[in-house]
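Here is a colleague's note to read alongside the model. Keep the structure open and follow the numbered points in order.

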Amino acid sequence: MLSDEDARAQYLGTNPSSNVPILSLIFFSFIVHNLIFYFLPSSITPFIKSYIVSIVHACVSVLAVCIFYVRGSVNLTQVNRILGGGIKDTKDESMTYSICYSSGYFIYDLILMIRFKSIRNPSAIIHHIVILVAGLAGLYTHIAHASHFLMLAEELSTISLNLKTIYHQQPRIHDLFGLLFVVTFILSRLIYGTIICLYTFRAVPKFIRMASDLGDITSIVLVIAQVFLYIFTRLLNLYWTILIVRKLMSVSRHNKSLLQTSSVKVNKKVD
């Protein structure tokens with residue numbers, strides 16, 4: 001018969017390990033991102049600097065998830081490896097370091113947005129707070145820790161979005177990254193992110209049943225809270241999708257208007 005601790009591990013996992021210096025890792029990440037920001041040339045505006053640091057974070061996060069997938073099979077149907085924290089002494093331990101790294105970045109970026117009005121963005125602030133609350137809760141309770149890590153791959157779309165903004169004065173490069181952003185947004189946030197969410201939601205009933213058997217009410221409440229946070233991130237992505245569609249429609253109407261104007265001018269010259 002399994003002990004209570006072993007039974008809890010069946011749905012919570014055993015990662016992160018208690019000997020991982022979570023706060024120290026987050027603080028180290030926070031300091032590193034601040035140093036990158038302040039060591040960038042002073043000729044670059046704080047707005048552009050923030051986008052460059054964001055690209056660094058996105059690249060590191062996406063690379064970490066890709067390496068995780070490449071290193072071995074990923075079981076998205078095992079409760080403690082999708083809705084729990086994973087298993088310690090396995091490759092799952094790398095997830096904790098990535099979440100700590102990202103937590104430090106989001107704290108840095110939140111403070112930056114508070115300090116600089118040019119960087120401030122309401123939807124980004126809400127996104128950062130939701131991700132931080134979910135991520136930190138996962139680090140200390142194990143709940144949804146694994147899926148939080150896998151969701152970091154959604155940062156893929158951030159790379160092209162930021163490059164699009166950085167090269168806003170160079171139309172061809174700007175348009176290229178604009179196209180890449182739409183493609184990566186669909187692939188990473190609408191398709192990949194939704195798949196991970198569905199696997200996460202699929203494990204919820206089994207998680208609740210296993211926790212109920214042990215009378216673990218705290219874990220049940222926390223997993224329900226995590227589900228609501230996940231739903232909120234999907235709604236946020238839907239909001240961004242609407243903004244993207246509106247922008248594309250606006251550009252399309254503008255281009256159509258330019259073509260009509262150009263056609264009228266040509267006809268006048270012919271006449």
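1. Let's begin with Arg189, which is buried, with a relative accessible area of 6%. This is a predicted model, so please read each value below as computed from predicted coordinates. Arg189 sits in helix H9, and Glu155 sits in the loop between H7 and H8. The side chains of Arg189 and Glu155 meet in a salt bridge, 3.7 Å from N to O. Because one partner is in a helix and the other in a loop, the pair ties together parts that are 34 residues apart in sequence. Glu155 is buried as well, with a relative accessible area of 8%.

2. Which other residue forms a salt bridge with Arg189? Glu154 does, with the closest N and O atoms 3.8 Å apart. This pair again links distant parts of the chain, with Arg189 in helix H9 and Glu154 in the loop between H7 and H8, 35 residues apart. Glu154 counts as buried at 7% relative accessibility, below the 20% cut-off for that word. Leaving aside neighbours within four places in sequence, Glu154 is in contact with Ser188, Arg189, Gly193, Arg234 and Asn237. You can then look at the whole group together: Glu154, Glu155, Arg189 and Arg234 are linked in a network of salt bridges.

3. The count for the structure comes to 5 salt bridges. One of them joins Asp216 and Arg8, with the closest N and O atoms 2.7 Å apart. Asp216 lies in the loop between H9 and H10 and Arg8 lies in helix H1, so the pair ties together parts that are 208 residues apart in sequence. Are the two partners buried or exposed? Asp216 counts as buried at 8% relative accessibility, whereas Arg8 counts as partly exposed at 35%. As background, side chains of opposite charge can pair when their charged atoms come close.

4. The largest nonpolar core has 34 residues, and Leu83, Phe149, Leu150 and Phe207 touch the most other members. The elements that give two or more residues to this core are H1, H2, H3, H4, H5, H7, H9 and H10. Which of them gives the most? H9 does, with 7 residues. A second, separate core of 13 residues includes Val53, Tyr108, Leu110 and Ile119. In soluble globular proteins, nonpolar side chains tend to be buried together.

5. Not counting residues up to four places away in sequence, Leu83 touches Tyr11, His142, Ile143, Ala144, Thr200, Ala203, Val204, Phe207 and Val223. Val204, one of these, lies in helix H9 and counts as buried at 12% relative accessibility. With neighbours within four places in sequence left aside, Val204 is in contact with Leu83 and Val227. The C-alpha atoms of Val204 and Asp175 are separated by 42 Å, and these two residues are 29 apart along the chain.

6. A nonpolar surface patch of about 650 Å² is made by Leu179, Val183, Ile186, Leu187, Leu190, Ile191, Ile195 and Tyr199. Leu190 lies in helix H9 and is partly exposed, with a relative accessible area of 31%.

7. How many aromatic pairs does a search of the whole structure find? It finds 13. Among them is the edge-to-face pair of Phe37 and Tyr38, 5.1 Å centre to centre with 85 degrees between the planes. Phe37 is buried, with a relative accessible area of 2%, whereas Tyr38 is partly exposed, with 44%. The pair of Tyr167 and Phe177 is stacked, because the ring centres are 6.1 Å apart and the planes are at 25 degrees. Tyr167 lies in the loop between H8 and H9 and Phe177 lies in helix H9, so this pair ties together parts that are 10 residues apart in sequence. Tyr167 counts as partly exposed at 30% relative accessibility, and Phe177 counts as buried at 16%.

Methods:
Residues are numbered from 1 along each chain as its sequence is written. This is a predicted model: local features need pLDDT of at least 70, side-chain atom pairs count only at pLDDT 80 or more; totals for chains, interfaces and linings use all residues. Side-chain values use heavy atoms; hydrogens and water are left out. A nonpolar core is a set of buried Ala, Val, Leu, Ile, Met, Phe, Trp, Tyr and Cys residues joined through side-chain atoms within 4.5 Å. Buried means under 20% relative accessible area, exposed over 50%, partly exposed in between (1.4 Å probe, protein chains only). Helices (H or I, at least four residues) and strands (E, at least two) are DSSP runs, numbered from the N terminus. Contact means heavy atoms within 4.5 Å. Patches are made of residues with over 30% relative accessible area and no salt bridge: like charges are joined within 9 Å, nonpolar side chains (Val, Leu, Ile, Met, Phe, Trp, Tyr) within 5 Å. Accessible areas come from the Shrake-Rupley method with a 1.4 Å probe; for residues, only the protein chains shown count as cover. A salt bridge is a side-chain nitrogen of Lys or Arg within 4 Å of a carboxyl oxygen of Asp or Glu. Rings of Phe, Tyr and Trp (its six-membered ring) pair if their centres lie within 6.5 Å; planes under 30 degrees apart count as stacked, over 60 as edge-to-face and the rest as tilted.
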